[in-house]
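Please brief me on this structure.

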Amino acid sequence: MELENRWLRETYVDELIAAAERDERVVILEADLSKAAGTGRFKERFPERTINVGIAEAGMIGTAAGMAAMGKIPFTHTFTPFSTRRVCDQVTLSVAYAGLGVKIMGSDPGVTAELNGGTHMSMEDVAIMRNIPGMTIFEPTDSAQLRAAFPQIVECAGPVYIRLLRRNAVKIFEEGCACTLGKGIVLREGRDVTIAASGIMTAEALDAAELLRADGIDAEVLNFHTVKPFDEALLIASAGKTGAVVSAENHSILNGLGGAVAECLSENRPVPLRRVGVRDHFGEVGLTEFLKEKYGLTAKDIAAAARSAVATKKG
């Protein structure tokens, strides 16, 4: 597997421009981070549909809610902690409670915030948004998957949280791939253990499957690009076949993908489960690869968790 030659944010802006060309209701709102999001190209094409509210994230969400109530399709952007922690009440009441279709993009999720450090490194953004009724949570793995899902995001009647890696993604999917919001994808079939992964951990999960193959363990790899609504049927079917599950996410193990997996399995198909993710810890300054090692988010960590789950199953 190799990195894509363009930052994922460039694909995001491509899709924004294409959506705005198709539908005059599409507008964007930035909290003084248009350079970080690369949305200058959108502003050049649609200056009258670009709003920079400054460093006033709560005001941005309130403004977007008002625009949605007037029939617009607003996309907001700031870094993940400021798209979730800082504006939780505005998202809950002004957007979700009102049933408005605001699209909230949070960039630099988890350890990919890198040198911005702990204040900008949200390990709980999915957990916050997952608790809000009616919220859809989407985390693309690469550009092809983002392109496949984007029209559905535009047309989604309710609020959508887009958890977006800004930099180069590992290429997993081919152009024209199928990607339906709320439906997981089988990337690799297996019989011994299921690895349920999202975002940057999808590539790590596929690498872990190769490590496990050397041990004679056949891993099935699932990509859950949509954490909410969660594809319970896919997980239940896979767990029924393999009898053991590992979740892998660039997020806290609490109430994110691991939480969704644990809830689903405990109620429907109890099997040994291991959760790979950040364990009740704040972020810190560091490059992504260093932080993956520190927080146990590597292929070898996933493989170790899978071996433990399989051993428990056999016991």
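The briefing below starts with the ground rules and then goes topic by topic.

This is a predicted model, in which local features need pLDDT of at least 70, side-chain atom pairs count only at pLDDT 80 or more, and totals for chains, interfaces and linings use all residues. Residues are numbered from 1 along each chain as its sequence is written, and side-chain values use heavy atoms, with hydrogens and water left out.

**Open sheet and its helices**

- Helices (H or I, at least four residues) and strands (E, at least two) are DSSP runs, numbered from the N terminus.
- Two strands count as paired if DSSP finds at least two bridges between them.
- Strands of a sheet pair through backbone hydrogen bonds, either parallel or antiparallel.
- An open sheet is built from five strands in the order 9-11-10-13-14, with mixed pairing.
- Its edges are strand 9 (185-188) and strand 14 (273-278), each of which pairs on one side only.
- Neighbouring strands of this sheet are turned by 25° against each other on average, direction ignored.
- Axes are lines fitted to C-alpha atoms, for helices over the stretch in contact, and angles run from 0 to 180 degrees between N-to-C directions.
- Strand 9 and strand 11 (residues 219-223) run antiparallel and are joined by three bridges.
- Opposite Ile 185 stands Asn 223 in strand 11.
- Helix 9 (residues 201-213) lies across strand 9, strand 10 (193-197), strand 11, strand 13 (245-252) and strand 14. Helix 9 runs at about 160° to strand 10.
- Helix 10 (residues 232-242) also packs on the sheet, touching strand 9, strand 10, strand 11 and strand 13. The direction of helix 10 makes about 175° with that of strand 11.

**Strand 4 and its partners**

- In strand 4 (residues 73-79), seven of seven residues are buried. Buried means under 20% relative accessible area, exposed means over 50%, and partly exposed is in between (1.4 Å probe, protein chains only).
- Strand 2 (residues 26-30) pairs with strand 4 in the parallel sense over five bridges. Glu 30 has His 77 of strand 4 as its bridge partner.
- Strand 5 (residues 103-107) also runs parallel to strand 4, joined by five bridges. Here Phe 79 stands opposite Ser 107.
- Thr 76 belongs to strand 4 and is buried, with a relative accessible area of 1%.
- Beyond its neighbours within four places in sequence, Thr 76 is in contact (heavy atoms within 4.5 Å) with residues including Tyr 12, Leu 29, Met 60, Val 102 and Ile 104.

**Pocket and cavity**

- A 1 Å grid over the protein atoms alone is used for both kinds of space. A cavity is a set of points where a 1.4 Å probe fits but cannot get out. A pocket is an open set with protein on both sides within 12 Å along at least five of seven lines. Lining residues have an atom within 4 Å of a point.
- Grid points are joined across faces, edges and corners, and a volume is the space filled by probe spheres set on the points.
- The largest pocket holds about 390 Å³ of space.
- Its lining has 19 residues, and Leu 3, Asn 168, Val 170, Glu 289 and Lys 292 lie nearest its centre.
- Strand 8 (168-170), helix 9 and helix 12 (288-295) each give two or more residues to that lining.
- The whole structure has one cavity of 30 Å³ or more. The largest cavity has a volume of about 30 Å³.
- Residues lining the largest cavity include Leu 8, Glu 139, Arg 163 and Ile 200.

**Cysteines**

- A disulfide is a pair of cysteine sulfur atoms within 2.5 Å; by this rule the count is zero.
- For Cys 156, the nearest cysteine sulfur is that of Cys 179, 13 Å away. Cys 156 is partly exposed, at 22% relative accessibility.
- For Cys 177, the nearest cysteine sulfur is that of Cys 179, 6.2 Å away. Cys 177 counts as buried, at 19% relative accessibility.

**Two more residues**

- Gln 145 lies in helix 8 (residues 143-155) and is buried, with a relative accessible area of 0%.
- Contacts of Gln 145, not counting residues up to four places away in sequence, include Cys 177, Cys 179, Ile 185 and Asn 223.
- Glu 284 sits in the loop between strand 14 and helix 12 and is partly exposed, with a relative accessible area of 25%.
- The C-alpha atoms of Glu 284 and Glu 114 are separated by 7.7 Å, although the two are 170 residues apart along the chain.
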